[in-house]
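These are my notebook entries on a single structure, kept in the order in which I looked things up. The structure itself comes first.

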Amino acid sequence: MARVTLIFARSRSPISWGIRFFTWSRWSHVAVAHAGIVIESQAPRGVQSGTEVAMRRRYSETATVAFEHPNPAALIAAMRSQIGKPYDYRAIVGFLVRRDWTSPRHWFCSELIAWAFAQTGRPLFRAGELARVTPEHLWMLPDVPPRR
């Protein structure tokens with residue numbers, strides 16, 4: 001097994017605060033990093049790829065966690081296949097009203113990561129639970145202790 005790196009982030013913005021408040025999370029965002037590149041879904045641009053340095057600059061605090069994965073290249077390929085898909089605003093509303101808005105045509109950050117892990121042979125959650133995955137849920141998983 002090899003490792004996949006997740007970068008958890010938060011900022012001082014009202015949007016970050018609101019996401020953390022409504023999801024009971026320390027973090028408002030999470031991305032996958034590989035070889036200095038991150039793949040993430042972020043409002044308003046949706047699923048995109050960029051540099052790890054640029055991603056970390058957008059946030060006031062970040063933490064890195066490594067997860068075991070049988071095929072990191074497949075995980076990165078699954079996430080890259082989603083680049084260009086829009087941000088999942090309806091799922092965010094779904095958190096507020098406790099409704100499942102899961103759609104494979106739109107993604108928010110933690111939903112995309114949980115989906116990619118499931119697609120590549122290492123599901124992190126039970127089937128059908130992707131609509132409720134927040135950055136905090138990924139943070140609480142026990143793989144490897146976080147690094148600051």
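**Entry 1**

I took the classes as follows: buried is under 20% relative accessible area, exposed is over 50%, and partly exposed is in between, with a 1.4 Å probe and protein chains only. The model is a predicted one, in which local features need pLDDT of at least 70, side-chain atom pairs count only at pLDDT 80 or more, and totals for chains, interfaces and linings use all residues. Residues are numbered from 1 along each chain as its sequence is written, and side-chain values use heavy atoms, with hydrogens and water left out.

I placed Trp24 in the loop between α1 and β2. The phi of Trp24 is near 55°, a positive value in a residue other than glycine. I noted beside this that most residues other than glycine have a negative phi, and that most peptide bonds are trans.

I then turned to Ala35, which is not a glycine and has a positive phi of about 55°. Ala35 sits in the loop between β2 and β3 and is exposed, with a relative accessible area of 74%.

I also recorded a cis peptide bond from Ala43 to Pro44, with omega near -5°. Pro44 belongs to the loop between β3 (37-42) and β4 (46-51).

**Entry 1: Helix α1**

Together with Trp17 and Phe22, Phe21 makes a nonpolar surface patch of about 380 Å². Patches consist of residues with over 30% relative accessible area and no salt bridge, with like charges joined within 9 Å and nonpolar side chains (Val, Leu, Ile, Met, Phe, Trp, Tyr) within 5 Å. The areas come from the Shrake-Rupley method with a 1.4 Å probe, and for residues only the protein chains shown count as cover.

**Entry 2: Aromatic pairs**

I searched the whole structure and found seven aromatic pairs. Rings of Phe, Tyr and Trp (its six-membered ring) pair if their centres lie within 6.5 Å; planes under 30 degrees apart count as stacked, over 60 as edge-to-face and the rest as tilted. Phe21 and Phe22 are edge-to-face, at 5.2 Å centre to centre and 85° between the planes. Trp107 and Trp115 form a tilted pair, at 5.1 Å centre to centre and 45° between the planes. Trp107 is buried at 2% relative accessibility, and Trp115 is buried at 16%. I also noted one aromatic cluster formed by Phe8, Trp27 and Trp139.

**Entry 3: The nonpolar cores**

A nonpolar core is a set of buried Ala, Val, Leu, Ile, Met, Phe, Trp, Tyr and Cys residues joined through side-chain atoms within 4.5 Å. The largest one has 28 residues, of which Leu6, Phe8, Val32, Ile113, Phe117 and Leu138 touch the most other members. Two or more residues each come from β1 (2-10), β2 (29-34), β5 (61-69), α3 (72-80), α5 (109-119) and α6 (135-140). The largest share, seven residues, is that of α5. I listed the contacts of Leu6, among them Val32, Val65, Ile113, Phe117 and Leu138, leaving out residues up to four places away in sequence. A second, separate core has seven residues, including Ala31, Ala33, Val38 and Met55.

**Entry 4: Salt bridges**

How many salt bridges does a search of the whole structure find? I found five, each a side-chain nitrogen of Lys or Arg within 4 Å of a carboxyl oxygen of Asp or Glu. Arg3 and Glu68 meet in one of 3.0 Å, N to O. This pair links strand β1 with strand β5, 65 residues apart.

Glu61 bridges to Arg10, with the closest N and O atoms 3.8 Å apart. Because Glu61 lies in strand β5 and Arg10 in strand β1, the pair ties together parts 51 residues apart in sequence. Glu61 also bridges to Arg26, at 2.7 Å between the closest N and O atoms. I recorded that shared partners join Arg10, Arg26 and Glu61 into one network of salt bridges.

Conventions: Helices (H or I, at least four residues) and strands (E, at least two) are DSSP runs, numbered from the N terminus. Contact means heavy atoms within 4.5 Å.
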